[in-house]
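Welcome, and thanks for taking a look at this one with me. Below are some numbered notes to read with the structure open beside you.

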Amino acid sequence: DLPWTGLFTGMLIGSIWYWCADQVIVQRTLSAKNLSHAKGGVLLAGCLKFLPLFLLVLPGMAARVLYRNEVGCSDGDVCEQICGSRSGCTDIAFVLLVLDLIPSGLKGLLMAVMMAAIMSSLTSVFNSASTIFTIDIWKRFRKSSTDREMLIVGRSFVVLLLGVSIAWIPILTSFKESQLFVYLQSVSNFLCPPITAIFVIGLLWERINEKGAFWGLIAGFVIGIIRFALTFAFKAPECGSGIPDDRPAFVIATVDKFHYLHFGAFSFLLTCVVATAVSIVTAPIPKEKLWRLTFWTRYSTEPREPFENEDDKADKMRQRSKKSRDDTITCNALNYICCLPREGESGAEIEEGRAESAETEAINAAQFLHEGKIVKRLTNICAVLVMCMAAFVYGFFA
């Protein structure tokens, strides 16, 4: 099911997106004290990624042997009776192991641990999604929105995401592969390669501009959504059912014969081509605005000129902090639902920090990237060891 070429195409691209551009990882990395702490945290997380091999994969293989008729069911009617899904019952392997093999005293503890892990993961995803929606989308339509308004919008968006997640369960259970891991990997390779492409190009090439990045993302997302729709709109007949496959030929060629890992590489390349072409035929971004924004200028101490939307950012923030709201019934209701204090109850005042000159800010930003020699070498050695361990695991178990 997983071609070896996918290790160097879709899986590599998806890994770059997850570790470098995923909002969940980025938020945690930005909270680090310095660059060395950030690298150390990522390396620790990378080491922890080896644990699922022993905590999930090997127990899953054991469950496949112990529960041949349940986990390994092949008839759609039998699978539907066991787990309610005609695609397969592989996702109940862990549940069966816990219920049948673990002593009664540890079942509750293990389920509590699993629920805590699920809640932690969901809160991270919902927090990141609400941040992206509030900062990158809502503020474009409501440029004068206050902090209180953005907080209410973000929490309301989380409620909306919960509803969408619950409504998506029937589609997930009808996924033909019946494996949650395959579903996650396929959807990631449908939608995430364009983000990886723009991230890599923007990091390495100064010539790319906003129009190139925008149209590159649009092109990548359009073909990703098309592949996503074709995968779920045209359902293939069950394996071994004897029912002829009446799907259109282009759907079979696009979905079945074009592996999702290879599709991720295609989406990545298409986004790169579109972003490069549009950037070349449009005006470039002045070099004075790109200091420390690319890999080649990260140590520059030149003052960086702000973009147009950054010039009055501080003034707008001060205006929003001083803007007052009318004490209406609607505002009071929203404050009560979202657990917000009423206007003036908190007593907190925003203190304006001392503004630094552009030269001082540039020097401080460049110095932030410098690391001690011992710590830098230690983190680099650990990174090489983690990559070697990953290559060994892939090669040995594949």
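1. A residue is called buried here when its relative accessible area is under 20%, exposed when over 50%, and partly exposed in between. F263 has a relative accessible area of 4%, so this residue is buried. Please keep in mind as you read that the model is predicted.

2. Who is the partner of F263 in an edge-to-face pair? The rings of F258 and F263 form such a pair, with centres 5.9 Å apart and planes at 75°. The planes count as edge-to-face because the angle is over 60 degrees. F258 has a relative accessibility of 26%, so F258 is partly exposed, whereas F263 is buried.

3. Elsewhere, R298 is placed over the face of F295, and the distance to the ring centre is 3.9 Å.

4. How many aromatic pairs does a search of the whole structure find? The count is 12. One of them is Y18 with W19, an edge-to-face pair with 5.2 Å from centre to centre and 85° between the planes. Y18 is partly exposed, at 27% relative accessibility, and W19 is partly exposed with a relative accessible area of 27%.

5. Now for two helices. Helix α7 covers residues 104-141 and helix α8 covers residues 147-167; their axes come within 9 Å and cross at roughly 125°. The two helices are therefore oblique to each other, since roughly perpendicular ends at 115 degrees and roughly antiparallel begins over 145. The crossing of α7 and α8 is right-handed.

6. Which residues meet where α7 and α8 come together? On the α7 side they are F126, A129, S130, F133, T134, W138 and K139. On the α8 side they are E149, M150, V153, G154, F157, V158, L161, L162 and S165.

7. Last, a look at S279, which is found in helix α14, residues 260-281. Is S279 buried or exposed? With a relative accessible area of 0%, S279 is buried. If its neighbours within four places in sequence are left aside, S279 is in contact with W205, R207, I208, N209 and G212.

Methods:
Residues are numbered from 1 along each chain as its sequence is written. This is a predicted model: local features need pLDDT of at least 70, side-chain atom pairs count only at pLDDT 80 or more; totals for chains, interfaces and linings use all residues. Side-chain values use heavy atoms; hydrogens and water are left out. Rings of Phe, Tyr and Trp (its six-membered ring) pair if their centres lie within 6.5 Å; planes under 30 degrees apart count as stacked, over 60 as edge-to-face and the rest as tilted. Buried means under 20% relative accessible area, exposed over 50%, partly exposed in between (1.4 Å probe, protein chains only). A charge sits over a ring if NZ of Lys or CZ of Arg is within 6 Å of the ring centre and within 35 degrees of the ring normal. Axes are lines fitted to C-alpha atoms, for helices over the stretch in contact, and angles run from 0 to 180 degrees between N-to-C directions. Helices (H or I, at least four residues) and strands (E, at least two) are DSSP runs, numbered from the N terminus. Angles under 35 degrees count as roughly parallel, over 145 as roughly antiparallel, 65 to 115 as roughly perpendicular and the rest as oblique. A crossing is left-handed if the near helix is turned anticlockwise from the far one by less than a right angle, and right-handed if clockwise. Contact means heavy atoms within 4.5 Å.
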